[in-house]
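Colleague: Before using any of these labels, I would like to hear what each one rests on. Please set the values against the cut-offs.

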Amino acid sequence: MIAERWDYASPVSSEVHDYGSDIYTEAEGSDDTLANLGPLRRLAGIWTSAEGADVHPVGAGSDVTGPVVDSDEHIVFVERYELQPIDPQTNGPQLFYGLRYHTHIVKPGEVETFHDQVGYWLWEPAARTVVHSLAIPRGQVVLAAGPAEPDASEFEVSAERGTEVYGILSNPFLERAFQTVSFRIRVTVNDDGTWSYEEHTEMRVPDREGLVDHVDRNTLRRMGEPTPNPLAAVGDPSTTR
């Protein structure tokens, strides 16, 4: 069972890892992304769950289909989450191994999209940092990060509005009506082969006092294996490309 909430840690430091004075010479990485993903390794693949839980603010005019408690709607959702390895990426000496992901969410028994999200989960080995990017078709993007050890089974990334690194950008309407102040997601890799996340998006909403906590939780079960990244797949006749 995932905890109801956790104590928020400070956002990841914006201090740059010391890669030396040469900012142009590219790092040499391995062709095999799957073998070098650190704490992200066990997330690679295709996952699903029909037991997601979402708590979000509603008001007059909202399309409410679930129970409402203290002006927050509670719903169950169905999720398909695909994470596929990409080739190593470099910014000069900075090296990332990563997973390109797409998560698609609907309400039970419906086909209309409830939530759609794309982005990358990245592992920066030298800095021992997980980076998470997301973009949603409501006109919002986030870049979050957090520290982790290569063999960690649990890690957390975060972002805050108004920062120059690891921040949040929204379209003008969202900035006015549902201003996102902070974003945090904690990932836990479970011993039974599943993985879980708990996500908190804190917002300012004009008709609500204080910050509103939009919460999403789910535990996902594997339904498909990952496809090797293009470099690793070269010469492997069993891989469909």
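**Labels and their grounds**

Modeller: Leucine 43 touches Leu83, Leu99, Phe155, Val187, Val189 and Trp195, leaving out residues up to four places away in sequence. A contact here means heavy atoms within 4.5 Å. This is a predicted model, in which local features need pLDDT of at least 70 and side-chain atom pairs count only at pLDDT 80 or more, while totals for chains, interfaces and linings use all residues. Residues are numbered from 1 along each chain as its sequence is written, and side-chain values use heavy atoms, with hydrogens and water left out.

Colleague: What is the mean pLDDT of the protein chain, and where is the pLDDT below 50?

Modeller: pLDDT is the predictor's confidence in each residue, from 0 to 100. The chain has a mean of 91, and 91% of its residues reach 70 or more. Residues 1–10 have pLDDT below 50; that stretch has 27 contacts in the model beyond near neighbours in sequence.

Colleague: Why is histidine 132 called buried?

Modeller: Buried means under 20% relative accessible area, exposed over 50%, and partly exposed in between, with a 1.4 Å probe and protein chains only. Histidine 132 has 1%, so it is buried. Its contacts, not counting residues up to four places away in sequence, include Tyr81, Trp121, Val142 and Phe183. Histidine 132 belongs to strand S6, where 7 of the 8 residues are buried.

Colleague: What makes S5 and S6 a pair?

Modeller: Strands (E, at least two residues) are DSSP runs, numbered from the N terminus, and two of them pair if DSSP finds at least two bridges between them. S5 and S6 have 7 bridges, in the antiparallel sense; tryptophan 123 has valine 130 of S6 as its bridge partner. S6 and S7 are also antiparallel, over 8 bridges, with leucine 134 opposite valine 142 in S7. In the S6 and S7 hairpin, which has 3 residues between the strands, glycine 139 takes a positive phi near 85°.

Colleague: What makes a set of residues a nonpolar core?

Modeller: The members must be buried Ala, Val, Leu, Ile, Met, Phe, Trp, Tyr or Cys, joined through side-chain atoms within 4.5 Å. The largest such core has 35 residues, of which Leu40, Leu43, Leu83, Trp121 and Trp195 touch the most other members. S4 gives the most to this core, with 5 residues. Apart from it lies another core, of 5 residues, including Phe96 and Leu122.

Methods: Helices (H or I, at least four residues) and strands (E, at least two) are DSSP runs, numbered from the N terminus.
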